[in-house]
Amino acid sequence: MIAARGLTRSFGGRTVVENVSFEVGRSEIVALLGPNGAGKTTTMRMLAGLIAPTRGTVSISGIELSRGTGSDLRQRIGFLTEAPGLWDRLTVRENLTVYADLFGLSPAAPTIDQILDTFGLTKHAGTRAAELSKGTRQKVALGRALVHEPDVLLLDEPTSGLDPEVTRSVRHLLDERRAKGCAILLSTHNLQEAERQADRIAVLHRRLLALDTPARLRGRLMTGRIVIRIAGDASKWVGTIVPFGEPVQAEGAWLTITLTDAERATPLMVKALVTAGADVLEVRPEQPALEDIYLHLVGEHP
Amino acid sequence: MTRARILALARKEWLDLRRNPGALLPVALVAVLAILLPLVITFGIPRWTGDALGNDSDLLRLSDAAHPERGLSDSGRVEYFLLQQFLLLFLLTPITGAMALAAHSVVGEKQARTLEPLLATPVTTVELLVAKVLGCFWPTLGISLISILVYFAAILWLAETGVASAMLNPRTAVLVLLIGPAAGLVALQAAIVVSSRVNDARTAQQAGILLIVPLTGLLVAQFFGSYWLSTGMLAVIGVALLLLWLLLLALSTALFERETILTRWR
């Protein structure tokens, strides 16, 4: 649904985004991860048709974004900008109504009521934006991006400034949008959020360093270590598994061992433990945290 | 260009303005000045001094330039001349409005960071700029027209018999209904052109001075009897101003660089 091909953007002599290509399909959430200055906002702006790429193309549902198609394609995009950008003297309802009118929603009132209800904003409907807290402003901005029920959502830091309860409701809302076929690209610094919400994660640091599912990204840094949980003290079973690999560490109920060929050795090792009388409760490969993968990828491409 | 989007944005401008009535204060002050100054000069000073306008031979000679109606008394002829002259002051109301409001419109959006989400909607640059102009235009035009009605009511009350009806002529209509709004549109568009290129409202406000200077020159020159702008000449000026507005609209659309505004503004 969203297709970026060879996106490059330079400002003066400085290249901010270089040769970035990816796609976000229907009913898919892709998280754009990257440190500050990695080019996330610039990429988002190029996808929203706000700035033109120096090279490369953006397509939405197969239609290439250009000066001629920009207005029509923006009709299908909901864009949450980095700053909420609300009109301070207008009330929450008025802010949403102007956008509903700009997107040609008629009648707008039922949709706006629904958005206000979804985000718990009904009691703030008549409040001027200037009087809202940071989190509430962010909720209004998010509601504004959804007001026309777009096919494509581009969300720059959607949960920034939101409390955990609202963050969860936003997550549910995005899940609902995904279920309805929406293609969602969200940029975030929050690795947990990316992992929980996204089907795939794109790591951006000027160039696209990785684009894969969270599980596969983890696989890139697989250590070959296996973690085993045993009932009781695990240290007495160290001798049983030493022949399968080294080093072996025991801590409480946990044993950790590095296997050279985990696929072949793991069942044999578990069989040996069970035969020796150990009550094996859990066996799993040690997974690196997404943070480790992210730091590894970004660190490799400073 | 869709009318619905223009109306939605113009309504937003109007709501914004309604919550910030202080922004209209300069316009209201100019309107009050445009009403009081001619009334004080034409009716107040002669009454305080006891010296009737019709006794001043120089003023009588100058008033011939205005081609007053034959039935008017000498004082009525001079009153008609002065009150016609001062109509030009009412052109300052929409221009002042332009300076005060339009200058803030784009710069204000930039500073509040409200422009980026707006530009991410289907709204086109022309729609945005037309809406900005209209949003500022109607309130200032409204104040301008109300002040002219007050002016005419005062004339009806204070002037010599026949002056008020003589004032209701095609020349007045062209000035009030064509040149006033057209000058306002030109000033608004000029302020918006500058507003979208600079980073503070004051610089944009200075654009309005470009219009006030020739207008003041026109006023002074008429007072000294250098020339009298006939109805036909005023109509030509009005049409020229409307064409200039369209030209400025095209120019402001061409100069409105979405990218520069988004990427160089923090």
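**Backbone close-up**

Modeller: A:Pro247 sits in the loop between helix H9 (238-241) and strand S12 (248-251) of chain A. This is a predicted model. The peptide bond that leads from A:Glu246 into A:Pro247 is cis, with omega near -5 degrees. Most peptide bonds are trans, and most residues other than glycine have a negative phi.

Another cis bond runs from A:Ser106 to A:Pro107, where omega is near 0 degrees. A:Pro107 also belongs to a loop, between helix H3 (92-102) and helix H4 (109-118) of chain A.

Now turn to phi. A:Asn19 is not a glycine, yet its phi is positive, at about 50 degrees. A:Asn19 is part of strand S2 (residues 14-24) of chain A. A:Asn19 is exposed, since its relative accessible area is 53% and the cut-off for exposed is over 50%. A:Ser61, likewise a residue other than glycine, has a positive phi near 50 degrees. A:Ser61 lies in the loop between strand S4 (55-60) and strand S5 (63-64) of chain A. With a relative accessibility of 31%, A:Ser61 counts as partly exposed.

Chain A has 11 helices and 14 strands. Its radius of gyration is 24 Å, well over the 19 Å that the globule rule gives for 302 residues, so chain A is more spread out than a compact globule. Chain A is divided into domain 1 (2-88 + 143-218) and domain 2 (223-286). The centres of these two domains, taken over C-alpha atoms, are separated by 42 Å.

Technical notes: Residues numbered from 1 in each chain as written. Chains lettered and ligands numbered in written order. Predicted model: local features only at pLDDT ≥ 70, side-chain atom pairs only at ≥ 80, totals over all residues. Heavy atoms only, no water. Helix = DSSP H or I, 4+ residues; strand = E, 2+ residues; numbered from the N terminus. Rg over C-alpha atoms; globule rule 2.2 N^0.38 Å. Domains from an automatic or database assignment. Buried < 20%, exposed > 50% of the residue type's maximum accessible area, 1.4 Å probe, protein only.
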